[in-house]
Amino acid sequence: MTGPYSPVGIDTDALFPPEVEQRLVETFASSAQARPGNRTVFLGDSITRGIGDEPGPVGTLLTYRSQTFGNFASMLSGERINYVRNAGVPGNTSAQMLARFDADVAAYQPNCVVLLAGTNDANQAVDIAVTIANIKAIVGKIREIGAVPVLCTLPPTEETNPTSAERKRRIAAINLWLQGYARSEGLTLVDFFAALVDEATGGYIPAYKLDTTHPNAAGCLVMGTLLNNTLAPLLPATASPLPVTGVNPANLVTGPLMLADANSDGVADGWTKLGPVGSATVEADASIPGSWQALEAAATSDVASIFQPVSSFIAGHTYRLAARFQLVSYGSGSGASFFVRCVNASSVGTGDLYLFRNMTQPVAGVEFFDFTAPVGSTSAQVFLQVAAGTAKARIAQVALYDLTALGAE
């Protein structure tokens, strides 16, 4: 018998009998035939939802993204890991993730699904055999839609109630099974547990702990970094939507590369500083096209902002917002946000759509996302803001494209 997993032209019945050949086909064929692409959905519970992330209703795009391991991975990868949907629901067990898969994952046509399931199963003493069956079923559904599954080990726990030892045992058992399952199925496994666990206690490394179950923002950054390092090289290389020229009729942003500051006020031409609080500077950087526009708040009561108005903005059109971003430093407060503020003809807000919100972890990367202009919108403002605290943020290569008008949806 010569099969697809046998050396070309060689009959290898002795090495690959029919039942083994069939298992290889069942195991790998779906992934081998997966749709090529970078669209990534993150399926999980509150650990996946992360700190501050707010996905829109099922069937819509994100309202904003913040300090989640998925967003950090996406940013660090330059959106090679294309963050399409955070399908993390607090409190979810593996059974609940399986039940909502079609609506909350398949509907977004991902090429890759990052699955973190089992923490609430362990917390609720769900039989481990049931958890295993559910994860296998979710992996099957991921393959059925032509996507590639990426598994993650469960982060540590350090509950102090009488059941804590049992929870730790269950998490250890699930993680041990995940390691063997990923190996036997040829799946990528990202070991969050090893990255977050304190060797001495078996709980979280203190610097990465929000509470006994969840990682804090620093822990999410560690997870995102590990996910980026593991997953990004496996995904196809794609061109970035960041502008590389200041003259691009498709880009609705004026002065997207921060190339000029004609009046030497520290704000690039086309941009305006809002109010007297905080300082703005244009900072040269030979490693990127153009320069950085920096914004810094120096007091805990400061809310520093720069913005640019966009007059041609049409309700119902699909737009793409993109930028290179860096949080240089953070001391206190709500952190930095970059967003589009949509307004109607009476200058009443119709919605704020965040590329990221309340970032407090010093990090640099690239982000973009597509959104639909809310009903009633007639104009918009692109904002960088450092809210009520001490922090310095920088943006460069900013773009806002009307995909509908360009016929590029």
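Select Phe339 to start: this residue is buried, with a relative accessible area of 0%. Buried means under 20% relative accessible area, exposed over 50%, and partly exposed in between, using a 1.4 Å probe and protein chains only. The model is predicted, so local features need pLDDT of at least 70 and side-chain atom pairs count only at pLDDT 80 or more, while totals for chains, interfaces and linings use all residues. Numbering runs from 1 along each chain as its sequence is written, and side-chain values use heavy atoms, with hydrogens and water left out.

**Stop 1: aromatic pairs**

Rings of Phe, Tyr and Trp (its six-membered ring) pair if their centres lie within 6.5 Å; planes under 30 degrees apart count as stacked, over 60 as edge-to-face and the rest as tilted. That rule gives 13 aromatic pairs. Select Phe313 and Phe371 next. They form a tilted pair, 6.5 Å centre to centre, with 35 degrees between the planes. The pair links distant parts of the chain: Phe313 is in the loop between β9 (304-310) and β10 (318-332), Phe371 is in strand β13 (residues 364-372), and 58 residues separate them. Helices (H or I, at least four residues) and strands (E, at least two) are DSSP runs, numbered from the N terminus. Phe313 counts as buried, at 4% relative accessibility. Phe371 is buried too, with a relative accessible area of 1%.

Phe383 is buried, at a relative accessible area of 4%.

For a further group, select Phe42, Phe69, Tyr83 and Phe192. Ring pairs link these four residues into a cluster.

**Stop 2: charges over rings**

Keep Phe383 on screen and show Arg341. The charged end of Arg341 sits over the ring of Phe383, 5.2 Å from its centre. A charge sits over a ring if NZ of Lys or CZ of Arg is within 6 Å of the ring centre and within 35 degrees of the ring normal. Then pick Arg357, which lies over the face of Tyr354 at 4.9 Å from the ring centre.

**Stop 3**

Select residues 335-343 (β11) and 349-359 (β12). These strands pair in the antiparallel sense over seven bridges; two strands pair if DSSP finds at least two bridges between them. Which residue in β12 is the bridge partner of Phe338? The partner is Phe356. Five residues lie between the strands of this hairpin, and Ser347 takes a positive phi near 65 degrees.

**Stop 4: Arg394**

Go to strand β15 (residues 390-402) and select Arg394. Buried or exposed? Arg394 is buried, with a relative accessible area of 13%. Its side chain makes a polar contact of 2.7 Å with the side chain of Glu283. Another polar contact, also 2.7 Å, joins the side chains of Arg394 and Gln326. A polar contact is a pair of N or O atoms within 3.5 Å; within protein, one must be able to donate a hydrogen and the other to accept it, and residues adjacent in sequence count only if both atoms are side-chain atoms.

**Stop 5: Val244**

Finish at Val244, in the loop between α10 (217-231) and β6 (272-274). Val244 counts as exposed, at 62% relative accessibility. Leaving out residues up to four places away in sequence, Val244 touches Leu257, Pro289 and Gln397 (contact means heavy atoms within 4.5 Å).
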